[in-house]
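Good morning, and thank you for joining this group meeting.

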Amino acid sequence: MPCPLYAEFCLCTGKSSKRAVVVNDQIEIVEMLTGVYTFDHRFGDAGIATKFIRIVKAYVEDPEGFDSNDYEETKPWAVLDKEERERK
């Protein structure tokens, strides 16, 4: 059955929980969040999905310090187009 809603990318997360991990050769208890994702390959390859996940990971790890301007991929198309024209 056709669906009127469409998503290029789907990200699902679980509940965060405390886990023991090794940090600088020491065992520490840290909050961890599990997640799975899928995307529609008609819109690109795994390289596109990897860039998106890197940005999401940075935001989840440090929401207060996150700056979308640090990522070329988050610039609006108009800005990217303008920068390309200025380079020529």
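I begin with Glu61, which counts as exposed because its relative accessibility is 56%. Glu61 is found in helix 1.

Let me state how the model should be read. This is a predicted model, in which local features need pLDDT of at least 70 and side-chain atom pairs count only at pLDDT 80 or more, while totals for chains, interfaces and linings use all residues. Residues are numbered from 1 along each chain as its sequence is written, and side-chain values use heavy atoms, with hydrogens and water left out.

The pLDDT is the predictor's confidence in each residue, from 0 to 100. The chain averages a pLDDT of 80, and 85% of the residues score at least 70. Confidence is highest in strand 2, at 95, and lowest in helix 2 (residues 77-87), at a mean of 70. Where pLDDT is low, the predicted coordinates should not be read in detail.

Next, the overall arrangement. The chain contains two helices and four strands, in the order β-β-β-β-α-α along the sequence. Helices (H or I, at least four residues) and strands (E, at least two) are DSSP runs, numbered from the N terminus. Of the 88 residues of the chain, 8% count as buried.

How do strand 2 and strand 3 pair, in the parallel or the antiparallel sense? Strand 2 (residues 17-23) and strand 3 (residues 26-32) pair in the antiparallel sense, over seven bridges; two strands pair if DSSP finds at least two bridges between them. Ser17 has Met32 in strand 3 as its bridge partner. These two strands form a hairpin with two residues between them, and Asn24 in the turn has a positive phi of about 55°.

I turn to the largest pocket, which holds about 320 Å³ of space. On a 1 Å grid over the protein atoms alone, a pocket is an open set of points where a 1.4 Å probe fits, with protein on both sides within 12 Å along at least five of seven lines; lining residues have an atom within 4 Å of a point. Helix 1 gives the largest share of the lining, five residues. Strand 1 (9-13), strand 4 (35-39) and helix 1 (46-61) each supply at least two residues. Among the lining residues are Leu11, Leu33, Tyr37 and Glu61, the residue with which I began.

Another exposed residue is His41, at 58% relative accessibility. His41 lies in the loop between strand 4 and helix 1. The C-alpha atoms of His41 and Glu8 are separated by 8.3 Å, although these residues are 33 apart along the chain.

Finally, the cysteines. How many disulfides does a search of the whole structure find? The search finds zero, where a disulfide is a pair of cysteine sulfur atoms within 2.5 Å. Cys10 is in no disulfide, and the nearest cysteine sulfur, that of Cys12, is 3.9 Å away. That distance is too far for a bond. Cys10 is partly exposed, with a relative accessible area of 37%, and Cys12 also counts as partly exposed, at 40%.

Key
Grid points are joined across faces, edges and corners, and a volume is the space filled by probe spheres set on the points. Buried means under 20% relative accessible area, exposed over 50%, partly exposed in between (1.4 Å probe, protein chains only).
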